[in-house]
Amino acid sequence: YTAKLRVKDNDGAYDYDTCTVYVSLDSDNDDMPDAWETYYYGAPDVNDADDDFDGDGYNNLSEYLHGADPNNSNSVPSYNITIAVPGDVSFIQRAINASIDGDIIEVSQGTYYEFIDFSGKAITVTSTDPNSWTVIAATTADANDPNEWVVTFENAEGANSVLKGFVITGGDLGIYCANGVSPTISNCVITKNGSGVGLGGGMYDCNSSPTVINCFFVGNDANYGGGLYDYNSTATFVSCVFADNTAANDGGGIYDVNSSVELINCTFSGNLAGGDGGGMYSYGASSEPNVINCIFWGNSAGASGGEIYNYNNADPNFRYCNIEGGLNGNKCAGDDSTDGGGNIDSDPSFIDANEAAGQDGVFGTFDDGLCLRTDSPCIDKGNNDTIDAASVITDIIGMARKADGDHLHGATVTL
């Protein structure tokens, strides 16, 4: 079909143009209409979506979606679009392959049995509403393969490579970051990854510095670092929950090797290590995690350090945290941690630590088991400076991060 467009600018001037709209079958299921393929290639099944007919570095599907000429190497995708999955493109990875830097890939609710590689692209891959935990719970990337990683960042992805609003599950590893990448990951549930034999069940960072905000790491399993394994990395985690992760050896929640991870307003509960460090295990003189406004409570280890274990001169710095048994107390073992001040040892009064997702089974909602009761000693016991610097306004369920919760200390961050 040929459509005529009339465009009016802010000054009231008009212009006209025509465009061709292809409405036809897609007999070879490559997400390109038969009519478009026939027009450019002579038949609907000559070139597939991932082929690059004119050799310009953009695959045929990308040229179709962005309105370029697939037979002309001088005609390349040049403007940004939102690609709907499965409305425009059937699969998340196919949409990524067809995207260009700056595009948005918006994924409808459903379970997508595939593993995803950002392939170095500065794109946003998002659910239809990444601020709704109900939508997030219904939008799942499932590798469905114990030998695969669900999401991979390993090709120079930076802060503009964004993943938000998904359940990440069913892989040997939930999220893999390596080779100096620094993606932004937010509002995700990373759960039921790993088989107890690898490094990091929920996430593995190697020589990387991702920023992770408002994410749940729950029920993942690894040999070391059930929830997270960091190697030579400087990752940042803000308002995240590490719960019920398991390591056959050390680091039920987190295992750090020569890494200076930053943990801000995170909660660790119910994590288990068969060896040392139920909540967090740090190894090496270059391991100096900066831990602020966090809760370590109800974690356990088969050997030592139910909450914290430091080895080989590792020296994490804890400030304004609530640690069961006290910092460097009876649930901390190995080398002492640095006490930056403001730390407490008081039962946080969770709603129900045994049911992290609450009775509705949806993470991020008001009945979450690791939400605090109104009488919690963690209310107004944090430090404001760090969350102000990080522009943290709300917590993981959307409540104001700073409030005068005890009516005594003014607007102060709650742990």
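I started with the rings and found that Trp-149, Tyr-176, Tyr-204, Tyr-224, Tyr-229, Tyr-255, Tyr-281 and Tyr-309 form one aromatic cluster. For pairing I used rings of Phe, Tyr and Trp (its six-membered ring) with centres within 6.5 Å; planes under 30 degrees apart are stacked, over 60 edge-to-face, and the rest tilted.

A note on the source: this is a predicted model, where local features need pLDDT of at least 70, side-chain atom pairs count only at pLDDT 80 or more, and totals for chains, interfaces and linings use all residues. Residues are numbered from 1 along each chain as its sequence is written, and side-chain values use heavy atoms, with hydrogens and water left out.

Next I looked up the total, and the structure holds 22 aromatic pairs. One of them is Trp-36 with Tyr-41, edge-to-face at 5.9 Å centre to centre and 90° between the planes. I checked burial too: Trp-36 and Tyr-41 are both buried (under 20% relative accessible area, with a 1.4 Å probe and protein chains only).

I then turned to Phe-118 and Phe-153, a tilted pair at 4.5 Å centre to centre and 40° between the planes. This pair links distant parts of the chain, 35 residues apart: Phe-118 sits in the loop between strand S6 (116–117) and strand S7 (124–127), and Phe-153 in strand S8 (residues 139–153). My strands are DSSP runs of E, at least two residues, numbered from the N terminus. Phe-118 and Phe-153 are both buried.

Last, the sheet. I found an open one of 11 strands with parallel pairing, in the order S3-S4-S7-S9-S11-S14-S18-S22-S26-S30-S33; two strands pair if DSSP finds at least two bridges between them. Its edge strands are S3 (82–85) and S33 (338–339). Two bridges join S30 (residues 317–319) to S33, and Phe-318 has Asp-339 in S33 as its bridge partner.

Conventions. Buried means under 20% relative accessible area, exposed over 50%, partly exposed in between (1.4 Å probe, protein chains only). Helices (H or I, at least four residues) and strands (E, at least two) are DSSP runs, numbered from the N terminus.
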